[in-house]
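Dear colleague,

I am passing on the structure that you asked to look at.

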Amino acid sequence: MMKTDFDIAICGAGPVGQALALLLVKQGVPANSIVLLDAKTATQAENDARSIAISYGSQQLLQRAGSWPVKATAIQEIHVSRRQHFGRSLILASDYQVPALGYVARYGDIIRPMQAALQTANVPMLRPFFVEATEEQEQVVSLTLKHVETGAMSEMTAKVLIQAEGGTFADQSQRGRRHDYEQTAIISHVRCDQPMPQRAFERFTDQGPLALLPQEDGYALVWCARPALVSTLLALDDNAFLSALQNAFGHRLGQFTHIAARHAYPLGLNAQAVATQRTVSIGNAAQTLHPVAGQGLNLGLRDAHTLAKCLSRCDGLSSSTIAECLQTFMAERHQDRQLTIRLTDTMARVFASSSDGSPMQSLLGFTLGALDICKPIKDVLAGQMMFGWR
């Protein structure tokens, strides 16, 4: 018989949900009192080849959770610029006495050691199950589950429900703070004939940011542009697409020689930090961000770290202590969440809000150049990217 009553139910077994479960166990919460629920199978998750940027601070959290090392490529340098315009900034790991500013890994490679650690810890994981409905009652939250493959329905209860399954912007219902950037991200993996090992590039265009993150034998590509241009780019064959990328990025890495399959995702901000007496959202379920500066997963992992600490101090998970615990979590996460949302939202709007040759674009170039001159501002930006607001 499947156990049907738990202290903590985590809906969403992505990196944020699994990190939360592992950190809870590390904090002394009994493994059999936690359950993870996900609509994907373990095999589907492990075969997901999407590239994810992991900050240095997130790497430390994953190590604390017992799910590091991960197969990943280190980022030692980040080059921020605008194509064919004045102004650039270079952020170096050596300036901050850290082994790397961050890492680039495939989603499946992040998940694989997490799932192994959860299995070793004997944390129950139910998949593929879709959470059909939830109802918050006085003593518990009731969950109605539907098996994805068989359609069989089942019920369970939990004292606390954590929503950690956010999905993508296009699939989400509207939250309190929502903005469609009218941009779409093209995601792929490219190779070139003059790579610069461990250097990441973030280039801003009047269409949106274009990022190349060092990964394995090439670069993870995140090219953000307006939907009309994206439709044109996706319709090109590989050689024509690489020519368009060459024109947008330049020749700093020589010639682009190969591209993997391309995928596209609409981009937007969709955020609302709320908690009830027994339910709270973290990660993409609380805030979906523009991928500029690669902050989405990292903000979610910081959510998981703080929530694990708060829940582990919640003696007995009684009704009164749960509500207090969740409000403490919300208060502790408020500043970091708001600052990161404002940072990514401002960058996404401003850097793609003006046409070439406009005064705003000239000001943006000056700002990038000034970052290298004004070290305190640069240090704040680097610290936010690596660790968030602490």
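Predicted model: local features only at pLDDT ≥ 70, side-chain atom pairs only at ≥ 80, totals over all residues.

**Overall shape**

Residues are numbered from 1 along each chain as its sequence is written, and side-chain values use heavy atoms, with hydrogens and water left out.

Along the principal axes, the C-alpha atoms of the protein chain fill a box of roughly 60 × 45 × 35 Å. The chain contains ten helices and 19 strands, where helices (H or I, at least four residues) and strands (E, at least two) are DSSP runs numbered from the N terminus. Of the 390 residues, 54% are buried, and here buried means under 20% relative accessible area, exposed over 50%, and partly exposed in between (1.4 Å probe, protein chains only).

**Helix α4**

Helix α4 covers residues 107–121, and its 15 residues should span 21 Å at 1.5 Å a residue, which agrees with the 21 Å between its end C-alpha atoms; the expected span is 1.5 Å times one less than the number of residues. Its buried residues include Y107, I110, I111, M114 and L118. After α4 comes N122, whose phi is positive, near 65°.

**Backbone details**

Most residues other than glycine have a negative phi, and most peptide bonds are trans. Which bond joins R127 and P128, cis or trans? That bond is cis, with omega about 0°, and P128 lies in the loop between β8 (125–126) and β9 (129–136). The peptide bond from W68 to P69 is also cis, with omega near 20°, and P69 sits in the loop between α3 (56–65) and β4 (73–75).

Two further residues deserve a look for their phi. E182 has a positive phi, near 55°, and lies in strand β12 (residues 177–192), where E182 is exposed, with a relative accessible area of 55%. Q198 has a positive phi near 65° and is found in the loop between β12 and β13 (199–205); Q198 is partly exposed, at 33% relative accessible area.
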